[in-house]
Amino acid sequence: MKTFCGRANPTTGAMEWLEEDENYDYHQEIARSRYADMLHDKDRVSIRAAVSRVKERGEKAIVLDIGTGTGLLSMMAASAGADFCYAVEVFKPMANAAVKIVEKNGFRDKIKVINKHSTEVTVGPDGDMQCRANILVTELFDTELIGEGALPTYEHAHKYLVQEGCEAVPHRATVYVQLVESKRMWSWNKLFPVHVEAEDGEKIIVSPSEMEDCPGVPSVCDIQLNQMPSSDFAILSDVVTMFSVDFSKPVRSASTSYRVQLEPVKSGKAQIVLSWWDIDMDPSGMINCTMAPYWVKSTSAFQWRDHWMQCVYFLPNEEPVLQGEKVYLTACRDEYSVWYKLQKARGEEENKAAVRVESPVCRCQAHLLWNRPRFGQLNDQNRTRQYIKSLTKVLKTDSVCLCISDGSLLPVLAHYLGAKQVQCFLMLLSFFLKFFKANNLEDKIKIIEARPELLTSSHLEDKKISVLVGEPFFTTSLLPWHNLYFWYARTAVASHLTSNVTVLPQSASLHMMIVEFQ
């Protein structure tokens, strides 16, 4: 069976449909490396201990390994003395690889690879598993802990696949939070006013009011906080535990909320909730793996992980807090995501009331057009000054300017810097109509609703383009060199350019370096 997958062609920007076979791994579109994590030494020790605890109770050690991948954890369990292992892997090519790896390592009689989703596995004489397992081994976590469906998977496993009181490796996960103020991180979620020095005085580009009040999108912003210098944020609270999940007991995936009281250690603007988790591999908590950043646990800086990082959550609005004046932080979650709200401490009864906060939904459309790094780009005043400096050199009072970039402020800059006529290709027309209205530019900048290759003289009111500009930035660009789409677009509009047209950027160079990764 073949499947059609839609992808944007980075050269033309057009949507194309590619044929993929039944074994295509859709997760690779967004996946990060998982199979070579540094946890394996801790896995080995924890699995051996779990097998020993079961054996000491006089029971056979039956292991369920969900998301087995290469079968490594099941082989660890078999090596540690487990009587039998059921290794579940939904992705067929990986399951096939696991079968070969298991056989090659001599565990064919100890490990059964099941190519199914764990929720489809059956138990019984004629089922995939002969009996329920008493050891549950799995690593279904992402940076947010629950984003890969860990909670519903554990919930189903406890109901149908494992015995009551089973051993679980990992045993427990704990989520921690810390309140901070950070102009840099806040710039990844809101558009700051942009100041432009024009001949007729300073102009300020502002956001529509809907954008100011918009909570943004619910997806977590995951980054390497160990690469964030301490000068980029101010800590407003101590680190506190937000919630824990014990994987050896029945787990509930239904939406719920948690609330903690914080006492700010410093006055400031609460903008960001930083969050990470740690896991106890065993019931005693002796074997622990933490994602804590460097200022919380100094040794964390030496453990590089690309698939488990730390979370940045943007509060719906800036909230001023005073040192020592208590506030309440509420975390809400569904099966796959977490979001936060901060409230001032009020009356006793009001504080006891359960707070339910709706999942953030972008109402302004800007967060659908611009991702977090793009917000950061647009808020980079040094970057904006470079564009202003370049445009000032080439724009004249009779310039006819065309901008080719997605969701760009260049058309506004070109207008303020004196271009006679400014046109642009733009996505999300409704958002930019609001944006231009907020800046009184409705009739000053023309939006062309056509692709560059379909541009006609009538679009340009029979004028030739004297200045062609681009950042360049395109939402279809997954890799840096995909922004060379500007080259394709510039070629497509060549017949509409004056003989002495100025094109910015004029050239590009691609730099490469060969490296070896451990």
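Trainee: Which residues of helix 2 are buried?

Mentor: Leu73, Ser74, Met75, Met76, Ala77 and Ala78. Keep in mind that this is a predicted model.

Trainee: What makes helix 2 mostly covered?

Mentor: Count its residues. Helix 2 spans residues 72–79, and six of its eight residues are buried. Buried means under 20% relative accessible area. Gly81 follows the helix, with a positive phi near 110°.

Trainee: Why is helix 4 called largely enclosed?

Mentor: Because nine of the 11 residues of helix 4 (residues 150–160) are buried. They are Ala150, Leu151, Pro152, Thr153, Tyr154, Glu155, His156, Ala157 and His158.

Trainee: Which strands do the buried residues of helix 4 pack against?

Mentor: Strand 3 (62–66), strand 6 (133–138), strand 7 (162–169), strand 13 (240–246) and strand 18 (327–333).

Trainee: Now the core. How many residues has the largest nonpolar core, and which have the most contacts inside it?

Mentor: It has 91 residues. Leu64, Phe141, Met185, Met242, Val312, Leu329 and Tyr340 have the most contacts inside it. Strand 15 (residues 268–280) gives the most to this core, with seven residues. Domain 2 (36–139) and domain 3 (173–362) each supply at least three residues.

Trainee: What is Phe141 in contact with, beyond its neighbours within four places in sequence?

Mentor: Its partners are Glu148, Ala150, Tyr154, Pro170, Phe247, Trp277, Ile279 and Trp308. Contact here needs heavy atoms within 4.5 Å.

Trainee: On to charges. What makes Arg374 and Glu471 a salt bridge?

Mentor: Their closest N and O atoms are 2.7 Å apart. The cut-off is 4 Å, from a side-chain nitrogen of Lys or Arg to a carboxyl oxygen of Asp or Glu. The pair therefore qualifies. It links distant parts of the chain, 97 residues apart. Arg374 is in helix 9 (residues 372–378), while Glu471 is in the loop between strand 23 (465–469) and helix 13 (485–492).

Trainee: Are Arg374 and Glu471 buried or exposed?

Mentor: Arg374 has a relative accessible area of 1%, and Glu471 has 10%. The limit for buried is under 20%. So both residues count as buried.

Trainee: How do you know that Arg57 and Glu59 form a salt bridge?

Mentor: Their side chains meet at 3.3 Å, N to O, and the cut-off is 4 Å. At 40% relative accessibility Arg57 is partly exposed; Glu59, at 29%, is partly exposed too. Arg57 and Glu59 also belong to a salt-bridge network with Arg53 and Glu167.

Trainee: Why are Arg451 and Glu453 called partly exposed?

Mentor: Arg451 has a relative accessible area of 30%, and Glu453 has 33%. A search of the whole structure finds 16 salt bridges.

Trainee: Which residues make the nonpolar surface patch of about 880 Å²?

Mentor: Leu478, Leu479, Trp481, Leu484, Trp487, Leu510 and Met512.

Trainee: Why is Lys92 not called buried?

Mentor: Because its relative accessible area is 38%, which counts as partly exposed. Lys92 is in helix 3 (residues 92–104).

Trainee: Last, the whole chain. How many helices and strands has it, and what are its domains?

Mentor: There are 13 helices and 24 strands. The domains are domain 1 (3–32), domain 2 (36–139), domain 3 (173–362) and domain 4 (380–504). The centres of domain 2 and domain 4, taken over C-alpha atoms, are separated by 57 Å. Of the 518 residues, 49% count as buried.

Technical notes:
Residues are numbered from 1 along each chain as its sequence is written. This is a predicted model: local features need pLDDT of at least 70, side-chain atom pairs count only at pLDDT 80 or more; totals for chains, interfaces and linings use all residues. Side-chain values use heavy atoms; hydrogens and water are left out. A nonpolar core is a set of buried Ala, Val, Leu, Ile, Met, Phe, Trp, Tyr and Cys residues joined through side-chain atoms within 4.5 Å. Buried means under 20% relative accessible area, exposed over 50%, partly exposed in between (1.4 Å probe, protein chains only). Helices (H or I, at least four residues) and strands (E, at least two) are DSSP runs, numbered from the N terminus. Domain bounds come from an automatic or database domain assignment. Patches are made of residues with over 30% relative accessible area and no salt bridge: like charges are joined within 9 Å, nonpolar side chains (Val, Leu, Ile, Met, Phe, Trp, Tyr) within 5 Å. Accessible areas come from the Shrake-Rupley method with a 1.4 Å probe; for residues, only the protein chains shown count as cover.
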